[in-house]
Amino acid sequence: MKEKIWLSSPHMGGGEQKYVQEAFDTNWVAPLGPNVNGFEQDLEEYVGENSKVACLASGTSALHLALILAGVGYVDEVLCQSMTFSASANPIVYQGAIPVFVDSEKDTWNMCPSALEEAIVDRIANGKKAKAIIVVHLYGMPAKMDEIVALSKKYGITLIEDAAEALGSTYNGQKCGTFGDFGILSFNGNKIITTSGGGALVCRNEEDKQKAIFLATQARDNAPHYQHSHIGYNYRMSNIVAGIGRGQMEVLDKHIGFRRANNQFYQEVFKGIDGIRVLTELTSEYYSNHWLSAVVIEESKTGFSREELRLALEKENIESRPLWKPMHLQPVFKECKYYGTNISEKLFEDGLCLPSGSNLSDEDRARIKEVILKIIK
């Protein structure tokens with residue numbers, strides 16, 4: 001069998017080991033230490049906008065803490081992008097709150113501002129003003145943030161940016177994750193950089209950062225004994241994991257360059273093919289890290305479906321995957337309200353994520369291209 005080409009595999013830069021070794025040499029193997037502090041500082045400098053960053057066990061834990069800091073509680077409603085991974089929605093339920101799902105728009109595949117305002121107005125009319133909005137920068141593509149930020153301010157609703165897939169992406173020159181009241185980053189094994197597992201909460205001020213760290217370390221009160229006045233969580237990042245992150249930061253921009261080159265590769269492969277659209281930037285306002293490159297295939301024009309291409313790639317031991325199945329179609333959320341015109345459903349039916357790792361070789365791309373051209377012909 002031919003060697004596996006993965007959708008998005010970890011890509012070490014070579015500098016991670018020195019930070020990890022230093023943690024062992026100095027016995028800093030706990031969920032605190034120089035690497036944690038250093039990684040937070042690296043991220044704060046990278047995302048800019050005077051942001052404060054708390055490193056945590058996962059992007060999911062970061063989103064959970066963002067909801068807590070936003071005051072989301074039992075039976076509160078949270079407006080959440082429907083087309084996303086379930087980790088964008090699950091923490092809403094952790095809080096006993098209720099997800100209300102919002103459709104995508106065709107340009108960026110992210111939360112539709114029109115559907116969002118429709119949802120806000122209708123929920124207010126029903127006496128249920130949302131406590132928060134969760135917008136996702138899907139596959140690294142920035143959402144229409146001017147419009148979404150304006151709506152959050154107009155109606156006084158906390159805005160949480162799920163930038164788990166969008167570290168390094170920008171909108172109007174501003175880094176994704178810094179537009180909302182809180183931002184979420186992920187360093188899972190398949191992300192643009194990885195710490196094997198881990199995430200971060202981007203805050204607007206030091207006070208919120210320290211509240212997040214307090215809650216992430218079991219909410220232990222300042223006392224010589226173990227005393228707790230709040231429910232806490234075991235969400236802090238370990239110093240060893242943070243060491244991997246520090247090394248990965250050294251190659252982040254280089255890896256973004258590789259992923260953007262992959263997107264350009266797919267644009268060239270599908271150039272002139274009627275019925276296929278590669279997700280790419282609308283205008284110069286948008287800059288995507290292209291964490292994953294994805295296409296939409298109109299079978300009526302191409303003569304083949306998304307699934308036929310996926311299976312053809314799979315036959316050659318090349319991983320690809322359908323777009324995220326919208327949350328309002330998931331069995332676990334079947335009772336939740338949804339606002340939109342089913343754009344996300346159509347994207348799911350016709351869309352495919354293609355191999356996008358920053359470590360793809362020329363030989364890998366040649367194999368992928370061969371399969372694609374074969375099915376096109």
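Trainee: What share of the 377 residues in the protein is buried?

Mentor: This is a predicted model, so treat each value as computed from it. A residue counts as buried when its relative accessible area is under 20%. By that rule, buried residues make up 58% of the 377 residues here.

Trainee: What radius of gyration would a compact globule with 377 residues have, and what does the protein have?

Mentor: The compact globule would have a radius of gyration near 21 Å. The protein has 21 Å, so the two agree. Along the principal axes, the C-alpha atoms fill a box of roughly 70 × 60 × 35 Å.

Trainee: How much accessible surface does the protein have?

Mentor: About 16,100 Å². Carbon and sulfur atoms account for 49% of it. Now look at contacts. Take those between residues at least 6 apart in sequence: 72% of them join residues at least 24 apart.

Trainee: How many helices and strands are there?

Mentor: There are 13 helices and 15 strands. Let's take a strand. Strand β2 covers residues 77-81.

Trainee: Is β2 enclosed or open?

Mentor: Count its buried residues. Five of the five are buried, so β2 is largely enclosed by the rest of the structure. Then check the directions of the side chains. Glu77, Leu79 and Gln81 point one way, while Val78 and Cys80 point the other way.

Trainee: Which strands are joined to β2 by bridges?

Mentor: Strand β3, residues 98-102, is joined to β2 by five bridges, and the two run parallel. Gln81 has Val102 as its bridge partner in β3. Strand β4 is joined to β2 by three bridges, again parallel. There, Val78 stands opposite Ala132.

Trainee: Where is the antiparallel pairing?

Mentor: Look at the open sheet of four strands, in the order β10-β12-β15-β13. Its pairing is antiparallel. Strands β10 (276-278) and β13 (321-322) stand at the edges, each with a single partner strand, so one side of each has no neighbour in the sheet.

Trainee: How many bridges join β10 to β12?

Mentor: Three bridges do, and β12 spans residues 293-297. Val278 has Val295 as its bridge partner in β12.

Trainee: Which helix lies across β12, β13 and β15?

Mentor: Helix α12, residues 343-350, does. The helix runs at about 55° to β15, which is residues 351-354.

Trainee: Which residues of α12 are buried?

Mentor: Ile343, Ser344, Leu347 and Asp350 are buried. They cover an arc of only 140° around the axis, which puts them on the same side of α12. The buried residues of α12 pack against β12, α11 (306-315), β14 (338-339) and β15.

Trainee: What does His64 touch?

Mentor: His64 is in helix α3, residues 59-69. At 3% relative accessibility, His64 counts as buried. Not counting residues up to four places away in sequence, His64 touches Pro91, Tyr94, Gln95, Tyr233 and Tyr235. Now compare chain and space. His64 and Ile184 are 120 residues apart along the chain, yet their C-alpha atoms are separated by 9.8 Å.

Trainee: Where does Asn342 lie?

Mentor: Asn342 lies in the loop between β14 and α12. Asn342 also has a positive phi, of about 65°, and is not a glycine. Its relative accessible area is 37%, so Asn342 is partly exposed.

Methods. Residues are numbered from 1 along each chain as its sequence is written. This is a predicted model: local features need pLDDT of at least 70, side-chain atom pairs count only at pLDDT 80 or more; totals for chains, interfaces and linings use all residues. Side-chain values use heavy atoms; hydrogens and water are left out. Two strands pair if DSSP finds at least two bridges between them. Contact means heavy atoms within 4.5 Å. Axes are lines fitted to C-alpha atoms, for helices over the stretch in contact, and angles run from 0 to 180 degrees between N-to-C directions. Buried means under 20% relative accessible area, exposed over 50%, partly exposed in between (1.4 Å probe, protein chains only). The arc is that of the directions from the helix axis to the C-beta atoms. The radius of gyration is taken over C-alpha atoms; the globule rule is 2.2 Å times the number of residues to the power 0.38. Accessible areas come from the Shrake-Rupley method with a 1.4 Å probe; for residues, only the protein chains shown count as cover.
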